[in-house]
Amino acid sequence: MKKTLLILVISLALVISACAPQQATLPPQAPAEVTAAPTQGESTTVPGPQTQVGPTTAPAGTAGEASIGDPYAPELGNTGYDVDHYTLRLSLDPEQTAISGHATIQAVSTIDQLDELSLDFTGFEIDQITSEPGGVSFSRPANKLQIDFPTPLAQGEAFTLEVTYHGTPTMEPSAYVPFVDSLGLQFDAETSTIYVVAEPDGAHYWFPCNDHPQDKATFRFELTVPEGQVGVANGSLVDTRTEVQNAFPDGRPGDLYIWEHNYPMAPYLATAAVGNYVRVESTSPGGVHLRSYVFPENQAYFENLSPTLGEMIDWMGAQFGPYPFEEFGYVQVNGLGASLETQTMVILSVSSGESTMAHELSHMWFGDWVSLDSWGEIWRNEGMATYVTQMWEARNNPDGLEQALQDWEQDIEANPSGYPLGSPPKMEMFGRDSYYKGAVVFHALRTEIGDQAFFQGVQTYLQRYGGGSASDPQFQEVMEEASGKSLDNFFEAWFE
Ligand SMILES: [Zn+2]
């Protein structure tokens with residue numbers, strides 16, 4: 001994530017179209033029968049696709065812990081399962097803040113005798129939940145969707161949940177981000193667009209999920225949008241269909257965009273955008289397919305920028321190992337004072353330029369391919385992205401790199417934040433230290449162990465933990481292996 005300077009001079013006000021919530025109308029794909037959703041705190045049993053009668057004396061089950069165990073963000077996630085794949089079917093119209101959604105969650109139990117788990121999920125009315133094995137009931141404790149299985153699942157047993165929901169998203173701020181008014185779906189009336197802001201804790205404001213980078217999954221998106229608009233998501237566009245009948249609750253037809261991303265992805269990096277976009281395509285000299293979705297007035301700018309982006313992605317590949325995913329690009333958004341490293345399809349503020357593009361691109365390696373075990377370690381994501389951006393900008397001027405890092409270090413020493421780098425106050429997660437002090441630490445580490453050990457260590461870190469997540473101690477361990485020396489004193493000095 002990177003703030004733009006814009007937010008320093010104006011305060012953001014997200015324009016929400018003043019549209020009343022729609023009636024509880026079913027999305028076109030939903031089954032005909034609807035079971036009334038329980039209100040908060042209530043519980044109800046919903047028939048699954050298969051009729052299953054539980055034993056009269058059910059074996060004692062185990063509940064998945066309603067926290068994945070991140071000490072910095074204990075409200076997120078659940079330990080009882082691991083998601084393999086999400087299919088998100090959404091009807092999105094920028095003129096209406098009410099949406100229809102259908103999430104299919106394919107997962108496996110990670111504990112024996114699992115009979116209760118929770119997904120992170122805030123807001124929306126639930127129309128129906130079906131399951132395989134069938135017969136689950138559900139309730140809605142705060143910010144969670146609790147699922148109870150009539151028969152406990154064995155460790156490693158696969159299950160599927162299908163959640164049909166609708167409504168106007170809950171608009172509330174994150175406990176971690178001072179510069180965004182609300183998380184989840186954003187509706188920009190000025191440009192008639194929808195997009196998502198979800199770092200660190202906003203994915204569950206638009207779909208039910210295990211909302212933590214420790215549980216990555218592959219994704220498929222089926223986005224129905226108003227005729228003539230474009231639906232954008234992560235990965236590759238695999239199909240489009242026009243004139244889909246009854247695409248919206250009022251019976252209007254729409255256009256369907258199907259995207260697939262077959263690489264593990266943290267839920268906060270999933271994205272969906274709808275707008276009047278044009279697609280700009282190119283291929284880097286090294287063969288990476290680039291496709292961006294931009295506003296028509298910026299088409300020429302992006303076409304002219306394509307050679308630079310190609311050079312940038314190949315240059316990062318040469319430093320850290322090949323680009324880890326299938327395609328890359330940006331989707332422009334208006335009215336957001338930040339950009340976000342959504343995997344393979346970066347949310348790019350219209351006011352951002354090449355420096356922010358480099359920052360978000362570098363996150364594909366640092367934060368996306370290897371994610372954080374704990375949000376308290378955000379310095380590793382933002383510090384590396386800041387450092388790599390400076391490396392890119394000074395790629396032909398090593399003295400310039402040295403000078404920039406010295407300036408940052410002096411500024412940090414002159415104006416200490418007063419908190420440890422590895423445990424910022426929640427509202428300082430995206431503060432100066434995570435970016436600039438983080439970058440200074442990476443540069444100091446490179447100076448300490450030398451170029452060869454530094455780049456070898458970083459590449460090993462990406463190979464070893466790619467597709468998953470890693471912790472600060474695991475990063476230190478890899479760098480110690482590469483350098484052949486203990487780095488205890490080094491890290492203690494920077495993290496006190
Ligand atoms: Zn960032």
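Modeller: A residue is buried if 20 or more other C-beta atoms lie within 10 Å of its own. This is a predicted model. By that cut-off, buried residues make up 48% of the 496 residues in the protein chain.

Biologist: Why is T344 called buried?

Modeller: T344 has 25 other C-beta atoms within 10 Å. The cut-off is 20 or more. Therefore T344 counts as buried.

Biologist: Where does T344 lie, and what is its phi?

Modeller: T344 is in the loop between β21 (338-339) and β22 (345-349). Its phi is near 70 degrees, a positive value in a residue other than glycine.

Biologist: What makes S192 partly exposed?

Modeller: S192 has 17 C-beta neighbours inside 10 Å. Buried needs 20 or more, and exposed needs 12 or fewer. The value falls in between, so S192 is partly exposed. S192 sits in the loop between β11 (184-188) and β12. Phi of S192 is also positive, near 55 degrees.

Biologist: How do you know that β14 and β17 pair?

Modeller: Pairing takes at least two bridges. Four bridges join β14 (residues 230-233) to β17 (residues 272-275). Therefore the two strands pair, and they run antiparallel. G231 stands opposite V274 in β17.

Biologist: Which way do the residues of β14 point?

Modeller: V230 and V232 point one way, G231 and A233 the other. All are buried.

Biologist: What makes the bond from E132 to P133 cis?

Modeller: Its omega is near 0 degrees. P133 is in the loop between β7 (125-132) and β8 (137-139). E199 and P200 are also joined by a cis peptide bond, with omega about 0 degrees.

Notes. Residues are numbered from 1 along each chain as its sequence is written. This is a predicted model: local features need pLDDT of at least 70, side-chain atom pairs count only at pLDDT 80 or more; totals for chains, interfaces and linings use all residues.
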